[in-house]
Amino acid sequence: MLHEILLALVGYTGDLIIDEREHNKSLGICLSPDAPISDQRSFKLASDISFIDPSERDLIEKLITLGFYYRELDRFATKSRNLSWIRSADVSPLDRASELSNPKTAKPSVYRRAIANGLVEILSVYKSAVLQIEQNFLSETMPILATVTQGLNKFFVILPPLYELILEIERDDIRGGQLLNLLHKRCHCGVPELQACIQRLLWHGHQVLYNQLSSWMVYGILQDQHGEFFIRRQEDRDMEYGSSIPDTSEKLARLSTVDTSLTDWHVGFHIFLDMLPEYIHMRVAESILFAGKAIRVLRNPSPSIQFQDTLYNQQTKKGSQKLHGSAGGVPFQKEPFLDVKMIGEELLPQSEADKIETMLLDLKESSEFHKRSFECSVDSIRAIAASHLWQLVVVRADLNGHLKALKDYFLLAKGDFFQCFLEESRQLMRLPPRQSTAEADLMVPFQLAAIKTIGDEDKYFSRVSLQMPSFGITVKSSQRDLPKTKTSTDGSSETTLGGWDGIALEYSVDWPLQLFFTQEVLSKYCRIFQYLLRLKRTQMELEKSWASVMHQGHTDFAKHRNDQMNCSISQLRRQRFRPMWRVREHMAFLIRNLQFYIQVDVIESQWNVLQSHIQDSHDFTELVGFHQEYLSALISQSFLDIGSVSRILDSIMTLCLQFCWNIENQESSQNTSELERITEEFNKKSNSLYTILRSSRLAGSQRAPFLRRFLLRMNFNSFFEATARGVLNVVRPRPPHPVLNQP
């Protein structure tokens, strides 16, 4: 009888102790899976045993429930540790797709296998206790049940909760990070023995997590065949959200033709929140994601950097001697490839990789999970990866030189070049752009300006190219309602001349600078460039119109000074247009001050702030953040993100250009109604601009810290303030020769 009990305690039933579940199943009676756990315990004493007292029966049946729990836990452990569950690491995308798209398919789990290893450890302790009881029975002359109860008493608080745990795991198909999260929650209990057991299970689960972290943060390899890690490839997300298997295969095939390191950096990986344990903060998960991506970049450099290294070595040897090919580093003649592995080791020294591995190994060997130690180690690893990525991008790839080039060309710091370009293309831009040849037409003045102003030592100019985005045959007046990069029209012929506003620059960026200068960043630069170029073009037209008419006036005076009649006509014409020149001066005054504000108060000040950050920082992610702040400040302080202000500025520049072209075309005409209309509209728009800019929402905030200087320059004699209040902005009947207020 006692041996029957001992066998039942390790999961084996017989004639005296039976498995009621198996017995009912043989009779065709099935127990509901939702039945209470007390009803699921199926080890019972046979009902036909009559020589046992009721009290002893209750004690025996209580004892043998431990055998039931042992058998179920052992069954779970055996099933989870079955090596046939773990498929080979070489899993094709189609297999991964079918596995993720079919939730009913039984999925293997390395985390469950780790937990099963922990259960085996706990069950081995239980089994040793049963064997010790058996030895005690054999040595005693009068064995009693109290010996069994005494030896196994502590397992009554351990095995039942563990059984509940595996039931929940199997019922809800809990895997990966979700399993760690469940165990972490169950650790918080008031029973020391149970807490120690669950902490041991959690330790086993963390061993898998640390192995995956080591693979990801030391070698840049995502070791996760079964989708249990909280970092996943992007194609896994596409499969989960309904992309078909052929589509995914096509994407993978397309990605294989481009630089995989760049693709991996921007869109290759993401954080899968369902598998992120709650006790790992999102900031820490993002640091882990960044560190792994950075290690991938450093260990798998693009082939293009091999050419850059070869070029660097050549420049070192030749000194100032020019290389054959493009000065900007765009297509060089092929040089012998350097060893990719050697370059990877140079970008990430083995000593640094060993340091990362040691930190993770220390975490792995700790008997308990300490959140603070884990976060400190992740931050340290992230700092190492960010520092070496900074070294690659800032020092090796000359980030500051490229930032200076973007400032020179996209922010118009090379004013002489763009002044020359606008002068060379002035006559061309007075005609509507031809859809088929507009870009080619602009290349002529662009190259002429480069020849006149760009020296051979500027190695970045070859990366800059001019673009004329596609546009319709006509650009209607409603264009001002379009996005800011292609707003309003530019001439008296309002249906055609606005197309030149779409002039854009493109900057060729090589690896690894593509990690820093994304398409989003370059599009922001392009948006600012289009705004600044239009502003400079407006300022130049105002100056040219004055110079042109003054030259014509002096020519007429010299030609007709001996002819009294023609001389008086010329004087009358000059007198008639004198008020218009006051308007031109008002326009030039506003445009000049706006230009000075943007170029000096905004661009130069923000550039100096960015330079100080670059000097002080040695962290790649910090630099990305500083550069984003720099671009955001340029856009916000230039009012490009305020629709009302940007629309008014667009209208003012349009009115200025219309004024210049009309006043030149109407020198021989007596009708000034169009100029008067432009003048009145300009006064309204400029007063509206001043009113908005001096509002407390802008001038009184830190959004544009130098805006008060701009307002002071504009309103140095209180003219704008008085006009904005309506003192001077009253439409009066105009005399034959309109007299306009002068500041």
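Modeller: The questions below set values against definitions.

Modeller: This is a predicted model, in which local features need pLDDT of at least 70, side-chain atom pairs count only at pLDDT 80 or more, and totals for chains, interfaces and linings use all residues. Residues are numbered from 1 along each chain as its sequence is written, and side-chain values use heavy atoms, with hydrogens and water left out.

Colleague: What makes a stretch of the protein a helix or a strand?

Modeller: Helices are DSSP runs of H or I with at least four residues, strands are runs of E with at least two, and both are numbered from the N terminus. The protein has 29 helices and six strands.

Colleague: How do you know that the length of helix α8 agrees with its number of residues?

Modeller: The expected span is 1.5 Å times one less than the number of residues. Helix α8 (residues 159-172) has 14 residues and should span 20 Å; its end C-alpha atoms are 20 Å apart, so the two agree. Just after α8, D173 takes a positive phi of about 50°.

Colleague: Why is I169 called buried?

Modeller: Buried means under 20% relative accessible area, exposed means over 50%, and partly exposed is in between (1.4 Å probe, protein chains only). I169 has a relative accessible area of 0%, so I169 is buried. I169 lies in helix α8, where the buried residues also include L162, L165 and I166. Of the 743 residues of the protein, 48% count as buried.

Colleague: What does I169 touch?

Modeller: Contact means heavy atoms within 4.5 Å. Leaving aside neighbours within four places in sequence, I169 is in contact with F76, R112, I174, L179 and L182.

Colleague: What makes E72 and R75 a salt bridge?

Modeller: A salt bridge is a side-chain nitrogen of Lys or Arg within 4 Å of a carboxyl oxygen of Asp or Glu. The closest N and O atoms of E72 and R75 are 3.3 Å apart, and the pair counts as a salt bridge. E72 and R75 are three residues apart in helix α4 (residues 54-80), so about one helical turn separates them. E72 is buried because its relative accessible area is 7%, whereas R75, at 34%, counts as partly exposed.

Colleague: Which residue of helix α8 pairs with R75?

Modeller: The side chains of E170 and R75 meet in a salt bridge (3.4 Å, N to O). This pair links distant parts of the chain, with E170 in helix α8 and R75 in helix α4, 95 residues apart.

Colleague: Why is E278 called exposed?

Modeller: E278 has 59% relative accessibility, so E278 counts as exposed. K185, at 48%, is therefore partly exposed. Elsewhere, salt bridges that share partners join R71, E72, R75 and E170 into one network.
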